[in-house]
Amino acid sequence: MAGKVYSAQERRVLNKEKAGNGNRAALLIGNVRGIKPQIDIERGLYFTESFKETEGQPLIVRWAKALRKYAEKSTISIEDGQLIVGRAGKAGRYGILYPELDGDTLGINIEKLPGRSTSPFDISAEDADIVKREIETYWKGKTYHEELAKSLPEDTRKLTYNLDEESSSRFIVNETSSFRSSIQWVHDYEIVLQKGFNWIIKDSREKLESLDEDSAFDTMEKKPFLEALIITSEAVILWANRYADEAERLASEEHDPERKAELLEIARISRKVPGEPAESFYEAVKSQWFTQMFSRIEQKTGTIISNGRMDQYLYPFYKNDLEKGQITPDRAQELLECVWVEMAAFVDLYLSETGGAFNEGYAHWEAVTIGGQTPDGQDAANDLTYIILKSKRDFPLNYPDLAARVHLGSPKRYLYEVAETVKDGTGFPKIINDEEVIPLLLSKGAEFEEAYDYAVSGCAECRMPNRDTYTSPGAYINFAAALEMTLYNGRMLKYGDELLGLETGDPSDFESFDEFLEAYLKQQKNFIRHAFRQQYLINQLRARHFASPLGSSLSKLCRESFTDLHQEHIPGGIDLGYFEFIGYGTVIDSLSAIKKLVFEEKRFSISELIEALKNNFEGYEIIRHLLLNAPSYGNDDSYADEIGLRLDKEAGDFARKYGKEFDVHIDLRYVPFTSHVPFGKVVSATPNGRKAYTPLSDGSSASQGADLNGPTAILNSNFRTKNRSNNYRAARLLNIKLSPGCVEGPAGTEKLVQFIEGFRDLKLWHVQFNVINTETMRKAQENPEEYRDLLVRIAGYSAYFTELSKDLQDDLIARTEQFAI
Amino acid sequence: MADTDHLRIFNVQKYSLHDGSGIRTVVFLKGCPLRCKWCSNPESQQEEPELIYRRAKCIGCEKCGLCKGKSGISFDAEGKARVEFDAAEEKLEWTKICPTEALSIEGRYISIADLLEIVERDSFFYRSGNGGVTVSGGEPLMQENTVKFLKIAKEHYLNTAIETCGAVNRERLLTAAQYLDQIFFDIKSVDDGKHRLYTGVTSKPIRENLKALYEAYPGKNITVRTPVIPGFNDTERELRAIEKFLSEFPDIKWEKMKYHTYGVGKYEMLGRSYPLANMELRAAE
């Protein structure tokens, strides 16, 4: 009998081996791994203190001054053994507060945090008291969240929030702008590495001097913008210098000569960057880290600020060091791994349960992009690309997220190393397809060199750092709820008689499937309509609540137009936003089952179906089984896929027609994070045989367990349900769970490469793999202690399996495992 | 139903990784001249579609007991259906009514055009590794239309492969070979008596077919496969004999396949018993 095949990760967990072979990063990670995160209140506290002092001043200046206060007053600490310094919190694993977002609910949420089922945090009683007394009281009545909740029209509001004190999400037409102050974003780090913040100060001073004092625009808009850039740049330099001071202090007390030398080198570099240009690989890495860390302090970017094309902008420094004999591949890997550990220490803290439920397992995606093409369209893979991939295999950690761009000219070595890394089984890297992304960016107005140079940002989105300018988070829409409203004439079982959607009629009066479909599409459209109304307000309100002097200083268009990144429109920019279709597979399969069983085969009536659904199939097992066996999405079955194509078309057409009014590409996306779990919790049983309040299908993946024709069929269904003529579309997230036996040995790698090439040629946006035996996850559920290191792929990121909620664990187990035959 | 343009198949398996180069779609054709006692695809043996009962899927709704062909159905202590396969005259009625597909028909007729359409749906995945279509079974060459299908597949520039037991009409085999890029040819034993005892036919015509194929198509990509079955051919002497026979064909690759029992459950589903069950089986390592 053939023995069971395990992935490299499964073998490590089974043999209780530690990753990283006891190297520096492996030792450092001991302070972070499996530790419950603490809240560090300093960011929230100093921002609040500063905001109290700056009322009435221009918003961007207030933000800059708050950053300066933080840089002056925050606690500076350096972890023993660490080569990379600059952190925003306590030792170990920490999260920080952004009270400007939803500080009004701090008191309520802080008390819930330690015991929360998804992503809990600890806070000391003393700190909790400061939060309630000094932070929450100031922000109450001033936050973005409160203003948005007040401003939404009544009929939009009831689809958005519950009627409770904290306006918690209703998970129907869900806004995401009040748990993050920007969508996922990536800076132009290159300008910091090449020119430094002193250049930004110099550039801004020159511009200040040439302002026209008679011009109100110059004095009221440009001047505060430039002053804010100067204050912020000085603040980040000051902050780095305080690390230099601390490193020198520690060096003076250090007895180990090796560590002493390390500390003195840390001090030297921290005095130099990010103010001055970097001149070595180590300096470049540290400059980048100070910059991204300060950006994390500046604002809560959705899924955390991304790292951009690290293998590209760091490569010249690596190459130069290598030529001078000043670096080895191992040393470069060690430095990068020190950065990964610092990323793991910083946890993206979501105060609201909504945010926590969207981003389970302490999710953050500071995506590192590798591969792809250079701005002139050549293949971009280099030595650093392979070092980063190797690091993911040698030292598997859930941060940073790794995104590998593929294109038609990707060399074999690159594809094979990507496949080898996927096979390791920790879910890295996710794969993003140039052949889909670049034409879409071009069609939306980008130049070739900008489009070729895109960076993956956050979960599955792609950004052009000096051309993108739209930062407003979009709506996550629960279309399974729209389906439920079609069955119950605008109502949902969870909310009783409350009319939430449209009254599209009693479905038992429908005489054809087309009538049912039309009714559903009316509900679908109604949700999008409300999402766009939300967006209209969000675009306006955000500009009054948030500023990003650091982000603006790193954007060419912001600097040229003296406009803060969070303003509604920035001259010359391309505005790419989106809204999410949640529950795609659930809705397609439900409609397909109704079409086939109720209207074509007449196995039961719609009233019988509704009775079965109302009873959550109890006593209706036969109906449930028939529903489960109906044609479903993800099997390359045109019966279901044609329905999917229609839903996609209707949603995309709406975006095309009404996005134009915004002058923004509000594109249709299929990226759930982990929201398909909480969204499922409001939706009763659905006609695809799904039980009440269980997870919806995720992203553009098939319903759990419905994809029975293998992974090529999943990709084909994805391909055939996409309206490629409409460019009001963006990422489609796709999860595939492969049995390790599918990819065993060199032949397995080769077949995986062929599969990835098929994905690329089909021009699908995104794919990611879990190479794991379902049995391993079941065992991890039973014995979490022994499986603490088990990483699994979720939705654009990897997380420790045992840190996920039971619901999400069950959902991962239920995803069909694809075997090779 | 059967006409000149149809094939009897029982499965189309996409994303097959071990049946030829690249990513393949395997078409399993129904009907086999052999009755190997270890056969792991018993549903492939009979030529015509047949009833299969997957007890694990039965929810005991007793719908099948209410329909016309109820004479062959009873219910056991757990409330699940018990099927008398021989008495089942109204099989089709049961399978139409069964909500869970516990009772279903294994095998169906499909036109060559429809089959080709299914195979070509995965074209994107065939490109980079010379993937394509593999006909398997049963014995794919038991059906004359398989040759026709292969010819058309070749006209569509698909990479083609076959898995054959070799006990087929020689002329058909040689005709088919011109449309095949890869051939997997079973040599289970070179001992005629033993071969007959375990598979129902002797080895000699199979060996002669291989020889004819080799001579007619020099340089053809042929792999001989030998399932290594405990108690049948797993001794050094047996395997040496095969090796010796194969030494006449220096270009041919030889793969030994491990015995597995994945198919055992299917015998019960088809109302049969596993032929090897009563035999002395050495534990397969």
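Of the area that chain B buries against chain A, 28% is supplied by B:Tyr15, B:Arg121 and B:Phe125, more than by any other three residues. The model is predicted: local features need pLDDT of at least 70, side-chain atom pairs count only at pLDDT 80 or more, and totals for chains, interfaces and linings use all residues. Residues are numbered from 1 along each chain as its sequence is written, chains are lettered from A and ligands numbered from 1 in the order in which they are written, and side-chain values use heavy atoms, with hydrogens and water left out.

Across the interface, 33 residues of chain B are in contact (heavy atoms within 4.5 Å) with 30 residues of chain A. Three salt bridges are counted between chain B and chain A, a salt bridge being a side-chain nitrogen of Lys or Arg within 4 Å of a carboxyl oxygen of Asp or Glu. B:Lys14 forms a salt bridge with A:Asp636, and their closest N and O atoms are 3.2 Å apart. Between chain B and chain A there are also 13 residue pairs in polar contact, both residues at pLDDT 80 or more. A polar contact is a pair of N or O atoms within 3.5 Å; within protein, one must be able to donate a hydrogen and the other to accept it, and residues adjacent in sequence count only if both atoms are side-chain atoms.

On the side of chain B that touches chain A, the elements that give two or more residues are strand S1 (6–16), helix H2 (91–97) and helix H4 (123–126) of chain B. Helices (H or I, at least four residues) and strands (E, at least two) are DSSP runs, numbered from the N terminus. S1(B) gives the most to this side, with four residues. By class, the side of chain B that touches chain A has 13 nonpolar, eleven polar and nine charged residues; Ala, Val, Leu, Ile, Met, Phe, Trp, Tyr, Cys and Pro count as nonpolar, Asp, Glu, Lys and Arg as charged, and the others, Gly among them, as polar.

Within chain A, five strands form an open sheet with mixed pairing, in the order S3-S9-S10-S11-S12; two strands pair if DSSP finds at least two bridges between them. Strand S3 (173–175) and strand S12 (729–732) of chain A each have a single partner strand, so one side of each is left without a neighbour in the sheet. From one strand to the next, the twist averages 25 degrees. Strand S11 (residues 665–670) of chain A pairs with S12(A) in the parallel sense over two bridges, and A:Leu668 has A:Arg729 in S12(A) as its bridge partner. Helix H30 (residues 638–662) of chain A lies across strand S10 (576–582), S11 and S12 of chain A, and runs at about 155 degrees to S11(A). Axes are lines fitted to C-alpha atoms, for helices over the stretch in contact, and angles run from 0 to 180 degrees between N-to-C directions.

A further open sheet of chain A has six strands in the order S4-S5-S6-S14-S13-S17, again with mixed pairing. At its edges stand strand S4 (368–371) and strand S17 (817–818) of chain A. Strand S13 (residues 735–738) of chain A runs parallel to S17(A), joined by two bridges.

Notes:
Buried area = accessible area lost by both parts, 1.4 Å probe.
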